[in-house]
Structure formats: structure tokens, C-alpha cells
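Here's a quick tour of one protein model. Have a look at the fold before reading on.

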Amino acid sequence: MRHYTRRLAVITFFCVVPYLATTQNNRISFWSAGNSENGTISMECAQQARIFMNSAQYFPEPSNWRFVIVCDEFTWNRFTRESGQFQPRVQVYAATNLDRRTTFIRGWHLTHLDLTMGAPTPERVVAHELAHIILNTLDDDLADRQAIAWLEAADLPVLPFFEKPTPPSP
Ligand SMILES: [Zn+2]
């Protein structure tokens with residue numbers, strides 16, 4: 001993880017982002033191969049952060065949490081490999097480290113809908129990670145059940161728009 005510190009641009013949006021302007025002391029930072037040393041972020045990172053926060057506002061907010069939006073696929077692939085999250089046959093959209101109070105979000109997936117059958121919507125990814133945090137669990141099934149309950153309560157799609165719910169058997 002050492003060489004990520006060079007790329008890390010910590011941006012706080014306290015003035016403009018309601019999600020972070022609460023007293024919960026959460027912050028968002030960005031990892032991107034394209035980040036400049038002076039801390040500016042790309043349009044792509046900013047767009048991903050907007051989508052993340054738009055989704056997160058519907059769900060319970062943690063406190064003292066760090067969210068890292070990994071803005072490009074090169075950096076995400078590197079992150080998953082170096083952090084041991086890489087799985088050859090499974091798409092990884094986010095990762096939460098409860099001990100370090102840090103959640104990593106695959107930014108590209110927030111702005112590019114994954115059309116693979118069964119792939120989660122961006123809202124579901126955000127809800128799922130927040131469920132890990134709020135329930136303080138690494139159990140994926142538990143987190144996903146909570147995420148679905150939150151999505152349904154907020155009237156947000158649980159499945160991608162092109163996927164029809166399985167009809168009940170006759
Ligand atoms: Zn999970």
C-alpha cells in the first residue's frame with residue numbers, strides 16, 4: 001500500500017457537500033492514476049463522488065468513516081491485487097475495512113452501469129457497503145439483505161433496470 005500515498009489527494013468538500021457537512025465527521029478522498037500533486041481532482045472523480053453522495057443520502061450515515069473513491073480501473077485493479085481483494089471470477093465493486101474504518105469504492109462502476117446480468121446498481125453497492133459499516137459485519141448476505149431493505153424503503157431499484165424480477169411460480 002505504500003506507493004498509494006503518493007497518489008492520494010485528500011479533498012474535503014465541507015462547503016459544498018451536505019453529506020459531509022454533517023457532524024458525523026466522514027470524509028471522502030480519491031485515488032486515481034491521474035490525480036495531480038496539487039490536489040485537484042478530475043471531472044470523472046467529481047462525478048463519481050456526486051453519485052456516491054446522492055446514493056448515500058438515502059441510507060443511515062456512519063460516523064468517523066473514510067471513503068476512498070478509486071476513480072479509474074487501472075488503480076482499482078492495482079488496489080484489489082495489492083490488498084488481497086482480487087477474485088478472478090468475481091467482480092469486486094467495493095471493499096470495506098471495518099478495523100481501519102475505511103471503505104473503498106470502485107468509482108468507474110458508479111458512472112458506467114455494469115450490464116452483466118445480476119450486477120448490482122451503483123445504489124446497491126453504496127447501500128451494501130454502508131450496511132457492512134452500520135451493522136459492523138463482514139457477512140455479505142447480511143449486508144445485502146439490509147441494503148435491499150433500505151433500497152426498497154427509499155423506493156430505489158434493487159435490480160438493474162433491464163432485469164425483471166422472477167415471477168412467482170404458478
Ligand atoms: Zn459485502
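What follows goes from the overall layout to a hairpin and then to a pair of helices.

## Overall layout

This is a predicted model. The protein has 6 helices and 5 strands, and if you walk along from the N terminus the elements come in the order α-β-β-α-β-α-β-β-α-α-α.

Of the 170 residues in the protein, 32% are buried. As for contacts between residues at least 6 apart in sequence, 65% of them join residues at least 24 apart.

Strand β4 (residues 94-97) and strand β5 (residues 102-106) run antiparallel, with 4 bridges joining them. Across the pair, Ala 95 sits opposite Phe 104 in β5.

The hairpin of β4 and β5 has 4 residues between the strands, and Arg 101 takes a positive phi there, near 50°.

## How α5 meets α6

Two packed helices are described by the angle between their axes and the distance between the axes. Helix α5 (residues 122-135) packs against helix α6 (residues 140-153) at about 120°, and their axes are 8 Å apart. That angle is why α5 counts as oblique to α6. The crossing of α5 past α6 is right-handed.

Who's touching whom? On the α5 side, the contact is made by Glu 123, Arg 124, Ala 127, His 128, Ala 131, His 132 and Leu 135. From α6 come Leu 142, Ala 143, Asp 144, Gln 146, Ala 147, Trp 150 and Leu 151. Sorted by class, the contact of α5 with α6 has 8 nonpolar, 3 polar and 3 charged residues.

Notes: Residues numbered from 1 in each chain as written. Predicted model: local features only at pLDDT ≥ 70, side-chain atom pairs only at ≥ 80, totals over all residues. Axes fitted to C-alpha atoms, helices over the stretch in contact; angles between N-to-C directions. Helix = DSSP H or I, 4+ residues; strand = E, 2+ residues; numbered from the N terminus. Parallel < 35°, antiparallel > 145°, perpendicular 65-115°, else oblique. Left-handed = near helix turned anticlockwise from the far one by under 90°. Contact = placed C-beta atoms within 7 Å. Nonpolar A, V, L, I, M, F, W, Y, C, P; charged D, E, K, R; others polar. Pairing = 2+ DSSP bridges. Buried ≥ 20, exposed ≤ 12 C-beta atoms within 10 Å, placed from the backbone.
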